[in-house]
Every structure is written in structure tokens, then in C-alpha cells.
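This report describes a structure through its helix packing, its strand pairing and the contact between its chains. The sequence and the structure are shown first.

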Amino acid sequence: MADLSIDCAGIKSPNPFWLASAPPANTGDQVMRAFDAGWGGAVWKTLGDPIVNTSSRFGGIDYAGGKVMGFNNIELITDRPLSVNLREIREVKRRYPKHAVVVSLMTETKHDWQTLIRKVEDTGCDGLELNFGCPHGMCERGMGSSVGQEPKLLTEITSWAKEFAKTPVLVKLTPNTGDIVEAGIAARAGGGDGISLINTIKSLIGVDLDLLVPNPRVGRSSTNGGYCGPAVKPIALHMVAALAREKQIGIPISGIGGISNWRDAAEFIALGSTSVQVCTAVMHHGFRIVEDMIEGLSSYLDSKGMKSVNELVGRAVPAYEEWGDLDLDYKVIARIDPKTCIGCQLCVTACNDGAHQCIFTGPGEHNRPAHAHTPGKAKAPLPLPIGTLAGDRVPWVDEPECVGCNLCQIVCPVTGCITMEEIPAAKSETWNQRVAAGRGKVPGGIHDDDV
Amino acid sequence: MNRTFLNQLPPERIELGLPDKKPLMGEAEARSEADRCLYCTDAPCIKACPTEIDIPTFIKKIATGNVTGSAKTIFEQNLLGYSCSRVCPVEVLCEGSCVYTAWQHRPISIGKLQRYATEHATKNLDAQIFTPKAAVAGRSKKVACIGAGPASLAFAGYLAIEGHSAVIFEKRATPGGLNATGVAPYKLHAEDALREVEWVRSLGVEIKTGVEIGKDIKGAQLLAEYDAVFIGVGLGDDSRLDVPGEVGVNVHGATAWIEKMKLDPRATPIRGCTIAVIGGGNTAIDVARECALLGAAEVVMIYRRGADEMSGYKHELDGGRKEGVRFVTHAQPTGFVRDERGALLAVTVVTMKDGKPVAGTERDIACDLAALAIGQSKLRAIAAELPGVALDARGCVVADPKTGATGNLKVFSGGDCINGGKEVVNAVADGRNAARHLHALWSASPIPTRFTRGGP
């Protein structure tokens, strides 16, 4: 079984799964129950001067019957006295010395940072995380994402923390910024030992259409909150990978954003995360989800012949390239397996209305659309194999016209029914190579004459 | 609006003791089920529906909370979408063709979703799903329907929406046809059927009950006064066996007996009785299941051929078995045994082999009540009232199934009286098709695939 233990910027943990700084890591009781369930670490809910919260404070987006595709909150940092939090952190560390206890911090002046760091590190915690990401409530007071959005400020406050801290300092970044790489470089410049990202995305989760007030409703109004959950994962993956491939940064990353299971975690790790942090999935399903995360990641590593999770860190980063470096001669086409097709024909509509009009139903010859690359007729393949589920409802792909966009495969409800088959190409050329060879102009442009 | 028909229903009816087999979904249940729908292209469920309701569209509208829009989608194709949602054999129609079925998944509960949409949207009978078009002098026509069953209701309702004037004549006191009098009560109670009738009335359809064409009003008079006449009389009385002892108390025709259970508070109680049902079709299994559910001590279905030759739907027969219905096959009743006072004691049956009775195999099956579900007679007299209308060898009105046209240019027909006895949904399809055909004819426009939407 693969070794899951990690060292993220000097913070050691029996596995890469940490609770993110959020409601699940609000109290010692929760963190200890999480550790008992198998979590390797926890980033304590942000400490600072206690605040006052609203009721209500969370909102969710359901999609096609699934709950919590996205989640938003307008909750602020901890509302519990600092002394209580510190006592509990100390107790957790005493009982769970091998687990990672990182404490998220947010305060204002340099003197505040000094005092807070001294008190927090006195608990025996393993590291600090600077909350420069919260996009609601705290940023209006000059903290949270208002720091993360200002590279100079980000560097300066990071350097204050580094000046006072004895334990490793992770800088938690906000995605609410034009260029995440700029923020990453600023964190590194301030001396940060590692970077956590993403914090939540500034959002309005929805509107109550009866009352015409946004959600989550607090009396007669609402405010923007922070968006997270499965829906933000692609945004987070990009930001993690963007920092991982930036040579000027080069410090460990703790990946956050919509991680719900071991597959999500493995993707974050492959794109450069050393540890991963989870919040929404725990808020939805509880600490128990970590059992599958540990087993699943471990089996995956075993299946890939990796002895340690560290071998996976960043393995997919080199394959994240600019568009201009993609091989324009690479070609795939869709194949529909008649044996597993259920005949819903969602691919037919998707291709016809949303892509390239190259999926047909019924036997014989069919007219290709006028804009087809190859003039002529689309010909149905030979009769379908006997005994298929969907019989003559099985659609077929006009392969010469298929551009390999993946849409049919994406909408097909039967996993594995539509596969994208690679067609071997004689050559390989990228856009950048075309431009370099003087063939960067495609006919039919703005200045071409059509007539 | 005057709810005449709903108000005249007696409050104490046997049918009220029967549970609702497919209860109304709540909003959460409906939305979650609607979300499961794959929204197939050219969906097989649409093709399996005799009225071709755009099922994926109405289901997606439920998923978004657009329940009125969902009902509209249903009613555009099937004005009696409410009763159909409850009485249709969905297992062999829409749900039976759901792509999930082939995939070994549970099909979408289309029937229950359709009930959800139509029941909610018509809960308030004054809420207008359709705004019938105003009558236009010279263009609006007058039609009369004979029989107030599903075919006539659909025919009259669709034409009323298009601004024509429609009146239905019904010889019974209660309109609704088999929906009110003959559908198994665990599928649909009479008051639900009558609510739907009231909803059709709210579209402007006039219903006159207690009027028999041929007796109270002559066919010739209808032809003279109306631009078109629609025959939707359904079928006649239950067929008889013509065996000794049949005439007397407690041997009923099946549909007559169901009508009693549904409408007559004086019907014989079933609890504790032994019931013999003669027949193997859907009416037979309906009666058998009703009696079993009403607490009969024993229900025996007697059929002259083998179980696999029964014409009842498999899902209904299976349901009956689970509810305790016992099947006696290859048995033909030869008489009924009564005591000296005429009380029913048993039905005598003989074993059948290769369609012939086997001598010496006669035996008695004890019963307190017997229901004959061996078919219904045809209402042949109506043809004589309307010149040009022909009957086929079975006694069915000869009509073009696509348009309802008969041998008389002014007379149209649909439902059980032309097909010999099918589902409610087939009757609705016939009535609708005839209405579409006529409206297109009168407005000199092509036959629409959907009725023009009224309403806001």
C-alpha cells in the first residue's frame, strides 16, 4: 500500500487530506472527531478578533436533482473567544501529536499579527495559514481578500508573519483577482513557505423569486458571499496548476476548491498540490467521507506503481501547456457502442444543435449539412448487431465530418458508451509552429474578400 | 361555476373504501423524479403514447416548477390527461418504452408525474389553462356529441377551445363514461372523473344528461340542427353467458357491477364474500382486484383457456395474484347453482381441453356473487338513427381512425364504439383527431399537430 504521508512546507501529516479552515474546523470537538475518522490534518477556522455572524448565512445550488453543486456562505471568521480556541488547539495537539494542526489567522496591524502569532504558536500548532482570501465581510474591513488582491500588501503582511512565526507559514490566496500568478509571486516574495488556494469566489448564490431578495436572506436583504463546492473545482485546478508551473514560485501548494472525493484530490495533487483541503463535501456528508478518500487514493497510487503520494505531486503539470503549443494534427472521432447505447439520442440533439451536425439516426444515406467539410452524403453503417438494447434507435457518427469535440460523449448518460477514438496522424504541428513557418493566417478573415 | 355533476354524487359509495394505488406525488417527490428524466430526443415514450404527449417537455417543466406549463403541454395533446394519468396502462405504454427500462433501471414514473401536473394545474376549476377563443359569426360551428365519455369530451373540449359551440348528450344521469362508471376505483374515483368533466365544461362545453338520442331526440333532428355530430357512445350492456341460473340476484355484468360500486350507495357489500369473476380480460382482472381489495374472503377468476392466453395486462394479472386473486383456468361456466329462495350458491364449471368441454368434469365453485366480464354488447341502434353510418361485422361503427369520418359527411365517431373496446387514451386520441380534422376543414387550414395555445 502506497505511503500517503506528506510534508507540506514543513508541516507533516499522515495523509494529504486536511479539513479546510471553515465551519468543520471550528472547534476542538469537530477536529478530533475528524482525526478519528481519518483526516490527516485540519486548518482551524480563522482566528482573529471574534466577530458577530448573521442568521441565515449559507446558500446552495442544486442541479438536476443533485444537491450542493455549489455552495456559498456569508459567515465570517471565528465567533468564539480566542482563549477558548487556543485552549482547544492545545488539547487537540496534545491528543493528536502526529496530525497536522494548522491555524488560520486574520488580523490587521503588525502588532496584532505579532501578538496573535505568538499566542497561537504557543499552543504547539504545526503551522499557520494567513487568510488573505475571504471575499465577504472581512475584506470590507481591510482584511481577507482585500489583502490577497493587492500584491504589495500581500507581500508586506506575509513578511510580517514570517518575521514573527517559528512554524511554517502558508499564504491562502483569493481567486478574486485578475492574475493568480501575480498573487503567488507576491506570497513567495513575502517569504511564505507555502500557498493555499483557492479561497471562495465572490458570489450571489441566487434570488428568492417570491420576495425578490438575494439568498441567503438576512431579513430584508442579503450580501455577496464566498462560493465553493464541486462547481468551483475547475477554477481551482487551473489556479493551482498556474502556480505549480510558475518557476518563480516554487513553494509547496495546499490545494482547495470543490474536492469531494479521492479522484478530485488526485487531480489536485497531479497538478501540484502537496496537501488538499476539504470543506463543502464535509459540510454535505460529514467527516466519514475520508475513509473512501484514503482507500481510493491509495489504490490508485498502487495501480500506477507509485510507492508514495509524493510521486504524484505535480505529475500532470508539464502537460498543462499554452493553446499555441497544442498539436493541431491530433485527431479523435466519436464512436458509439451499439451494445451499450440506450437510445436516448441526447448525442443526436447535442451534435445537431450544439456542435457539428454529424450524428444521424436511421438507415441509408443522409444529407450532410451545407457547411460540411466533405461534400456528399453521410452513409449509415451496416445493420446493427442483433440484441442491442436500443435497436434501431442507436445513432451513428458520420466519421469524416466528426471534429472530435467530445460533446456527444459529455452528454451521453451511459459511461463508456461513446468513446473518442484516436485517428493516427502523419504529422504533428502546433499553432506556434505554423506561425513560425509563416502559415499563421487562416483564409476567410476580416480583410479577405469573399467575392 | 355550477358544479352540478360533482354535487350529485352520493357520499357513501363502496369505491371510497378502495385505496389509491398510485397516490399523488408531493412537490419534492415530483421534482426529484422529473430530474431523473434524460430528456431523450425523439423520445420513445412519446411514440408509445396514443395521444403523443410531449412527455420529456412536460417532465422538464415539472423539474423547473412550471407546473401550469407542464399541464398545458399535456392538455395540448390529451385534454383528458388527468384521467389518463391515472387509468392508462403506463406499464405497456409510455413507461414501458422508457429508455431506462431497457437499461434495467426503473423507468420514469410518467403516469404519476402527469397526474401531479394535471391535478395541480386544474385544482382550481376556474383557473384557465386555455382561454377558449371567442366565437366568430359564420366561422364558428355547432357540434353535438352522443355519449359523454372520453372520446366526446376530448372532441367537444378541443372544438370549444377553438371557439366552436359543443354540446354533449348523455343518456345516463352521470357524465364521464367509463371514467366515471367503469374504471377500477383504486385507479380513479368517480368524483375525480367528474372533476375532470367539470374542467372540460369550464372550457365552454355544454353537457345534457338524461337525454337519449333516438328516444328523446331523434338523430335526424341532430343532423338538422348541428354542423357535425360525433358518436362517442362506447359499448353497451355486459354480455351474458346464457346458462341456467344466470338470471337472478348476485350475478352481475362486470361493468354494471363496477358502476354500482362506483355510484350506487346501495350496492352489495363485498367484505367476507366469495366472488367468482368470469373472464380473463382487463375488466375481469379489474373487478377481481377491486373485490380482493375490498376485503372479499376469496376471489376466483374463471377463464376458459390457459393463463397465458388471458388478455388482461400482465402487470394487472400479477397485481391480482399478489392481492390474493385465485385463477381457475381451462374452465367454462355451465350454470349457476341457487337455493330454493334463489340465493346464489355456486357456479358450475366444466374443464375445457382444446376448446371443448371434457365430459364428466363438471364441478361447483362456491360463490356469493358472480361478475361476468366476457365482453360488452355493441350499441347498434345508433347507426340506424344516422343515415350513412355503417357498422362492421362486430357491430362497431365504421370510421376512419385518423379523422373519425363515417359514411355520413356530417357524422364522426371515436372511442370504444369504433374500436370495440380499448383504453381511455385511445378514445381521447380519436376525439381529438376528429376535432382537429373538423377544425382544419372549417378553417381551411392544414390539420395542426398541436392545438393553438390559448391563455396568457
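In this predicted model, helix H10 (residues 150-161) of chain B packs with helix H19 (residues 424-442) of chain B. From H10(B), the residues that take part are B:Pro150, B:Ala151, B:Ser152, B:Leu153, B:Ala154, B:Phe155, B:Tyr158 and B:Leu159. Their counterparts in H19(B) are B:Val424, B:Ala427, B:Val428, B:Asp430, B:Gly431, B:Arg432, B:Ala434, B:Ala435, B:Arg436, B:Leu438 and B:His439. By class, the contact of H10(B) with H19(B) comprises 13 nonpolar, three polar and three charged residues. The two helices meet at an angle of about 35 degrees, and their axes are 7 Å apart. The crossing of H10(B) and H19(B) is right-handed.

Strand S4 (residues 228-231) of chain B has buried residues pointing both ways: B:Ala228 and B:Phe230 point one way, while B:Val229 and B:Ile231 point the other way. In a regular strand, side chains alternate between the two faces of the sheet. S4(B) pairs in the parallel sense with strand S1 (residues 142-146) of chain B and also, again in the parallel sense, with strand S14 (residues 411-413) of chain B.

Chain A contains an open sheet of four strands, ordered S5-S6-S14-S11, with antiparallel pairing.

| Strand pair | Sense | Bridges | Residues standing opposite |
|---|---|---|---|
| S1(B) and S4(B) | parallel | four | B:Val143 and B:Ala228 |
| S4(B) and S14(B) | parallel | three | B:Val229 and B:Val411 |

Between the chains, 13 residues of chain A are in contact with eleven residues of chain B. The side of chain A that touches chain B consists of eight nonpolar, four polar and one charged residues.

As for confidence, the predictor assigns the complex an ipTM of 0.83 and a pTM of 0.89. The average pLDDT of chain B is 93, and 97% of the residues score at least 70. Over residues 451-456 of chain B, however, the pLDDT is below 50. Beyond near neighbours in sequence, this stretch of chain B has 13 contacts in the model.

Conventions. Residues numbered from 1 in each chain as written. Chains lettered and ligands numbered in written order. Predicted model: local features only at pLDDT ≥ 70, side-chain atom pairs only at ≥ 80, totals over all residues. Pairing = 2+ DSSP bridges. Contact = placed C-beta atoms within 7 Å. Nonpolar A, V, L, I, M, F, W, Y, C, P; charged D, E, K, R; others polar. Buried ≥ 20, exposed ≤ 12 C-beta atoms within 10 Å, placed from the backbone. pLDDT = per-residue confidence, 0-100. Axes fitted to C-alpha atoms, helices over the stretch in contact; angles between N-to-C directions. Left-handed = near helix turned anticlockwise from the far one by under 90°.
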